[in-house]
Amino acid sequence: MLASRIIAHRGCSLLAPENTLGAMALTKKLGVDWVEIDANLLGDGTVVVFHDDRLERLTNGRGKLMDLGIRDIAGLDAGSHFSQTFQGEPIPTLDQMLIQLDRDQLGLNLEIKCYPDFTPKQIVMPVIASLERHWKAFDRLIISCFDTQVLTLIRQHKPDWQLGQLWEALPSDWQTTVAQLNAVSVHLDHSTLTNAQATAIKQAGLDLYVYTVNDKVTAEQLFAMGVDGVFTDDPTLF
């Protein structure tokens with residue numbers, strides 16, 4: 001198993017504002033070994049750690065990320081929507097996030113978002129550059145994405161990096177896809193996973209990680225099926 005059995009989804013996103021530096025500091029404080037974060041793209045080419053393609057749900061700002069640059073988001077508050085304890089929490093750049101996570105020696109599942117506003121190449125190349133600048137231990141990094149084109153492009157440039165194909169439900173041609181990518185893991189919505197699928201994935205020599213599990217009984221059932229790790233919004237549940 002490459003990652004941990006418990007992976008903090010966007011940081012501890014039931015305990016702190018998702019994808020923020022504060023959430024990652026709390027994750028470290030709780031003793032969780034691995035986190036999952038989202039790499040997203042601004043219109044000026046800056047990679048930020050942010051899930052949505054718009055600001056409204058998670059900040060006091062408005063608009064699409066692709067209409068904004070780093071200066072436009074500099075003063076936004078990404079913490080007050082969660083609680084006043086996190087007031088003033090900024091939207092971090094990927095560079096800032098990687099520096100903190102690498103310093104804290106956390107394992108990282110970096111999910112690359114790929115919205116229709118930009119191409120795979122537009123986000124892949126700056127993500128690669130940021131990782132080359134700020135990440136040291138590539139044995140504790142898995143890069144995942146729903147878009148196989150994104151992962152294919154990374155594989156072309158970085159043949160040794162660990163890739164995980166992300167699906168909501170396992171497609172019938174999954175084995176072809178993971179073989180072409182030389183992927184190390186499959187990531188699925190836990191509610192779609194069957195016992196037969198879990199067995200087949202494990203027999204293929206792949207790690208199996210599922211999202212998003214916030215119930216201990218469900219987690220125990222998934223581990224019994226052969227799941228290696230669960231993404232959770234609250235690691236203290238386990």
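In helix 5 (residues 148–157), Val150, Leu151, Leu153, Ile154 and Arg155 are buried (under 20% relative accessible area, 1.4 Å probe, protein chains only). Helices (H or I, at least four residues) and strands (E, at least two) are DSSP runs, numbered from the N terminus. This is a predicted model, where local features need pLDDT of at least 70, side-chain atom pairs count only at pLDDT 80 or more, and totals for chains, interfaces and linings use all residues. Residues are numbered from 1 along each chain as its sequence is written, and side-chain values use heavy atoms, with hydrogens and water left out.

**Helix 5**
- Its buried residues pack against strand 4, helix 4, strand 5, strand 6 (163–166) and helix 6 (174–181), with contact meaning heavy atoms within 4.5 Å.
- Aspartate 147 caps the N-terminal end of helix 5. A side-chain oxygen of aspartate 147 lies 2.8 Å from the backbone nitrogen of glutamine 149.

**Strand 4 burial**
- Six of the six residues of strand 4 (residues 107–112) are buried, so the strand is largely enclosed by the rest of the structure.
- In a regular strand, side chains alternate between the two faces of the sheet.
- Here, Gly107, Asn109 and Glu111 point one way, and Leu108, Leu110 and Ile112 the other.

**Strand 4 partners**
- Strand 2 (residues 34–41) runs parallel to strand 4, joined by six bridges; pairing requires at least two DSSP bridges.
- Strand 5 (residues 141–145) also pairs with strand 4 in the parallel sense, over four bridges.
- Asparagine 109 stands opposite glutamate 36 and opposite isoleucine 142 in strand 5.

Note on methods
Buried < 20%, exposed > 50% of the residue type's maximum accessible area, 1.4 Å probe, protein only. Polar contact = N/O pair within 3.5 Å; in protein donor to acceptor, adjacent residues only side chain to side chain.
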